[in-house]
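The tour goes stop by stop.

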Amino acid sequence: MLYYIWTIHSVSVSCAVSFSVSLKNKVFFKQEFQIERRELRIASKVPEILTTGSILENIILEIVNSEGIVDETIHDEEKTGLSHMLTIKADWLDMEESTRYTFKHGRCVVPAILLSKTEGTICFSAFHSRHSSLSVNVKVHMIKPAIPTPNLEHNKVSSTHALLLQDPSSINQVGVNYIMSIENKKKALEEKICKTGLAIQVVEEQCAKLNKKKEEVEQTIKELQDSTESHSLGFLNHLSTKEEVMEDIEKISNSAAAILCNISRVVPFQEPENHLMKDIIGVVALLGRVQYSQLSRILSEYLGVDQMLAVVTRSFESAAHLEMYTHTGEVDRSNALHAEAAILGKSINGRFTVICLDNISPYRGGFEDHPQGKLALPLPCFIDGTIPKGFLGFAVNMIDLDEDQLSITNNSGNGLRETVFYRLLGQLQVYQTREDMLAASACIKHGAVSLDGGILKENGVMSFGFSDPGVCFQVVTTNNEMALSQENLKLLQDQKSELKTIDDKIKQNVKHHGQVLNYYEKTKKKLSKLMDDVERNL
């Protein structure tokens, strides 16, 4: 058998930086900076003598600064793309270039290195996979040791021994067989330890990949859940019809909107033959619809009852037909809309808002290529160009119009979206949650709302509390939206199924890791016991 004597040489990494200012070859200022040094060293104790072909186990290497303190920032991190790996190279090792070991907070543990059986001086190197100059070299000196021979008289190993230098013919064949048996057992155990150590590394790498894949699938599930929730808010629970909206308006019986809704059941809005109704386009709450009940509610809260019940007419002239006054300036309740209310046995109390279509200053920008004629508004974004998380769109574009409403224009050809709804909502932004809305406050200039009830108005004004708007926009989910939500639900189910498969694989991997690690420890104990028995019998 042969022994090793180890000599370790470490290599440190440092760098100097020079900065100077010169003009016409004359240096006015110069300063040198010394970048802090890093050194790779072996922290674990390396035995001075080891038998040939044996295994170095659990070798700890660490990267330290100039003060000898471990640099814990040297940490292999897949998420950030920072790779810190250790590579072992030696002539006698049949190891692929890809066999590397990870640095964890400045330290790296090499489970096992199978030593050479060649006599003479040999060397292996350990170095950082990306910074090869950060390395440590280990030289090995091999000498011939004594080998025990069995005591044939007692049929067991005695305390006496012979040297390899003596004549081999003097060694009994039984002693030779014993020595060969010990060597074969030792070699087999060492090979098992080495292979098991590599197997442990493979299992740990597989586990790391599975955990990374799990994180990716979990993120996809979260995004799909958010998307599915936002697309399913309306059609799963709170769909409504225009008739239901009219009934809600009529419940506010002392309002002008309620009286007009009552009349429209007999004489429709914009009836050309009716002097009162011919230029009345309708009530704001009846002119649009949305796809989510939460959006309907929050927009209604944002606008308030007065604007939701506002009457939309063609012009100031047509608005004048809704109300007349006495010579003293008081409302004449015997004429116009008040007279119609009296016929119905009702009265109009308080003021009511009238919006004149021809007199609204319309949106002046461009339009999206969309059948609904949506406005081409600039998307909100941070300084780095990213769109805020949870941004769903502009409220003015999230109002849908029926075909007959799309055809309504003022005398300049502007539709309801770029006139009435732009006047009411402007560039109001819509977010998924209050948290998303507040996080995007730097991008909000004209107010914002969130589907969970948040209201942020211009100039830092917020609305807190809770209220029942009474009248909301109609909620209708399109076939396309429903199909999209169903598709998301299917994708969500597939991702959840994949997540379960990954979890099962992780459990199997953890179990396998425990089994391999247990086998590794048991094999180490067997080898240790074998060597102890040999030493006791020397």
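What follows is a list of selections, with a note on what is there at each.

**Before you start**

This is a predicted model, in which local features need pLDDT of at least 70 and side-chain atom pairs count only at pLDDT 80 or more, while totals for chains, interfaces and linings use all residues. Residues are numbered from 1 along each chain as its sequence is written, and side-chain values use heavy atoms, with hydrogens and water left out.

**Whole chain**

Show the cartoon. The chain has ten helices and 21 strands. Both are DSSP runs numbered from the N terminus: helices are H or I with at least four residues, strands are E with at least two.

Switch to the surface. The chain exposes about 30,500 Å², and carbon and sulfur atoms supply 52% of that area. Accessible areas come from the Shrake-Rupley method with a 1.4 Å probe; for residues, only the protein chains shown count as cover. Of the 538 residues, 41% are buried. Buried means under 20% relative accessible area, exposed means over 50%, and partly exposed lies in between (1.4 Å probe, protein chains only).

Contacts are next: heavy atoms within 4.5 Å. Among contacts between residues at least 6 apart in sequence, 67% join residues at least 24 apart.

**Stop 1: the largest pocket**

Select Thr102, Lys104, Glu204, Glu205 and Ala208. Of the 30 residues that line the largest pocket, these lie nearest its centre. The elements giving two or more residues to the lining are strand 6 (100–102), strand 7 (107–114), helix 1 (173–232) and helix 10 (479–536). Which element gives the largest share of the lining? Helix 1 does, with eleven residues.

Colour the lining by class. There are 15 charged, ten nonpolar and five polar residues. Asp, Glu, Lys and Arg count as charged; Ala, Val, Leu, Ile, Met, Phe, Trp, Tyr, Cys and Pro as nonpolar; the others, Gly among them, as polar.

The space in this pocket is about 950 Å³. On a 1 Å grid over the protein atoms alone, a pocket is an open set of points where a 1.4 Å probe fits, with protein on both sides within 12 Å along at least five of seven lines; lining residues have an atom within 4 Å of a point. The volume is the space filled by probe spheres set on the points, which are joined across faces, edges and corners.

**Stop 2**

Select His105, in the loop between strand 6 and strand 7. Its phi is near 50°, a positive value in a residue other than glycine. His105 is partly exposed, at 43% relative accessible area.

Move to Glu216 in helix 1. Glu216 is partly exposed too, at 42%.

**Stop 3: the largest nonpolar core**

Select Ile249, Leu295, Leu299, Leu337, Leu425 and Phe473. They have the most contacts inside the largest nonpolar core, which has 68 residues. Such a core is a set of buried Ala, Val, Leu, Ile, Met, Phe, Trp, Tyr and Cys residues joined through side-chain atoms within 4.5 Å. A second, separate core of 22 residues includes Leu40, Ile42, Leu61 and Val138.

Centre on Leu337. Beyond its sequence neighbours up to four places away, its contacts include Ala256, Ile259, Leu260 and Ile263. Then select Ala336, in helix 6 (336–343). Ala336 is not a glycine, yet its phi is positive, about 55°.

**Stop 4**

Select helix 3 (256–264). Eight of its nine residues are buried. Their cover includes helix 2 (242–251), strand 12 (280–283), strand 14 and helix 6.

Go on to helix 8 (417–425), where seven of nine residues are buried. They pack against helix 4, strand 14 (311–313) and strand 15 (354–356). Gly426 follows helix 8, with a positive phi near 55°.

**Stop 5**

Ser296 is in helix 4 (293–308). Is it buried or exposed? Ser296 is buried, at 2% relative accessible area. Leaving out residues up to four places away, Ser296 touches Val290, Cys472, Phe473 and Val475.

Finish on Val430 in strand 17 (429–431). Val430 counts as buried, at 0% relative accessibility. Its C-alpha lies 5.7 Å from that of Ala448, 18 residues away along the chain.
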